[in-house]
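I opened a notebook page for this model. These entries record what I looked up.

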Amino acid sequence: MTNPTFTPSRRGFLALAAGAGALAATGAARDAQAQTATKAKIVIIGAGAGGTSLANRLVRRLDGAEITLVDPRAEHLYQPGLSLVAAGLKPADYVLSKTTDWLPKGVTLVAEAAAAIDAEAKTVATASGKTLPYDFLVLAPGLVLDHDAIEGFSLDLVGQNGIGALYAGPQYAAATWKAAQTFTQTGGIGLFTRPATEMKCAGAPLKHTFLIEDIARTNGTRGKMDITYMANNDSLFGVPIVSEKVRMIFGDRDIAPAYSHVLSAIDPGKRTATFQTPGGPVERDYDYIHVIPPQRAPEVIRQSGLSWADKWTDQGWVECDKASLRHLRYDTIWALGDVAGVPKGKTAASVKWQVPVVEDGLIAAIEGRDPVDTYNGYTSCPMITRVGRAMLVEFDYNNNLVPSFPGVIAPLEELWISWLMKEVALKATYNAMLRGRA
């Protein structure tokens, strides 16, 4: 179905989508701001989307700052592409690049893990024992996947015995497709899970469910399948209006929701999975199961004393103001991206809106002024519902829909245009963001 107010040709929209990243990449050059002279030592933990984007922006804004990125990963991971790899739509290397490819001159990369943070002494210790003093600290290490929390599961099982787990990285997303492809050919019982913790891109479990169901339907094997989505609570998505739309699509496509079912154990030999429910443990058989484990802040964050003490205590997200992303007890520290303890915002699109807020807050602190920018919880999820169709779902802290293209892209309609935004334009925009230009 096409939005009646906007019916571009496919060729025309391909040009529009392909140009989106280029426009984002060049737009910032027109509004360059004067540099601020400073000798401040700025340490950024994490060279993912948030840390890299911020480093690029700070280099252009600050003259004389000592900016250090701390991250051991040699490869940068384009995480929004993992769901495409896990559905056989992209190769594994589609999501990979080198960390150093995106870093600007003037930034020092310490290719080690951060081992400890002393907020009182204003130091970060690395795995090798280096001590990095800072004047300002940005926490952007991402999150960790707690696979050990699921009894009987390990990553070496992915791709075998009907087990998928796309979040863990490109090789696991590719192995997930291997198992999922067999399921789309032979049929059987499919279980698609979602953890009870906060998680990055909460739409990913739904995307994988929709894509595998659609591929089976295209293959003519859908009638051999029994597909169940194991929701972690009594909702299918955190935004009520989106949850209701997903429920309606599930009904149309004969996908059964099982509410308040949280995966706790798996027996690969028997192909059974155990779920915790309000009524006690429930065991389910499967021919294919997609596992998304609980997700938590990295250990260095959880042991730093910088996490919330009264909420998310099992997860360790950084205590910060949800509008400024500044730590509530240490005003020289900001949180950015997945690790931030805010109600929404664990997507790459959220990072795009968070980075300027942290940038402004940090530079305001250096200049001795009040910050101007705030983050409203903007989160975007290109919700793929089938190959070639998606809903561009965008919302804020208050669960209000905040469409970027009102009158052009209807947020709750399954559109080819929205699919193309995910398939073509998103990566170009993401790359421009890494350069600090989107």
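I counted a contact when heavy atoms lie within 4.5 Å. The model is predicted, so I noted the rules: local features need pLDDT of at least 70, side-chain atom pairs count only at pLDDT 80 or more, and totals for chains, interfaces and linings use all residues. Residues are numbered from 1 along each chain as its sequence is written, and side-chain values use heavy atoms, with hydrogens and water left out.

Entry one, the sheet. I took helices (H or I, at least four residues) and strands (E, at least two) as DSSP runs, numbered from the N terminus. Two strands pair if DSSP finds at least two bridges between them. I found 5 strands in an open sheet, ordered β7-β4-β2-β11-β23, with parallel pairing. β7 (107-110) and β23 are the edge strands, each pairing on one side only. Strands β2 (residues 41-45) and β11 (residues 136-139) run parallel and are joined by 4 bridges. I looked up Val43 and found Leu137 as its bridge partner in β11.

Entry two, Arg329. I located Arg329 in the loop between β22 (318-319) and β23 (333-335). Setting aside neighbours within four places in sequence, I listed Gly305, Leu306, Ser307 and Glu319 as the residues in contact with Arg329. A polar atom of the Arg329 side chain lies 2.8 Å from the backbone oxygen of Gly305.

Methods: A polar contact is a pair of N or O atoms within 3.5 Å; within protein, one must be able to donate a hydrogen and the other to accept it, and residues adjacent in sequence count only if both atoms are side-chain atoms.
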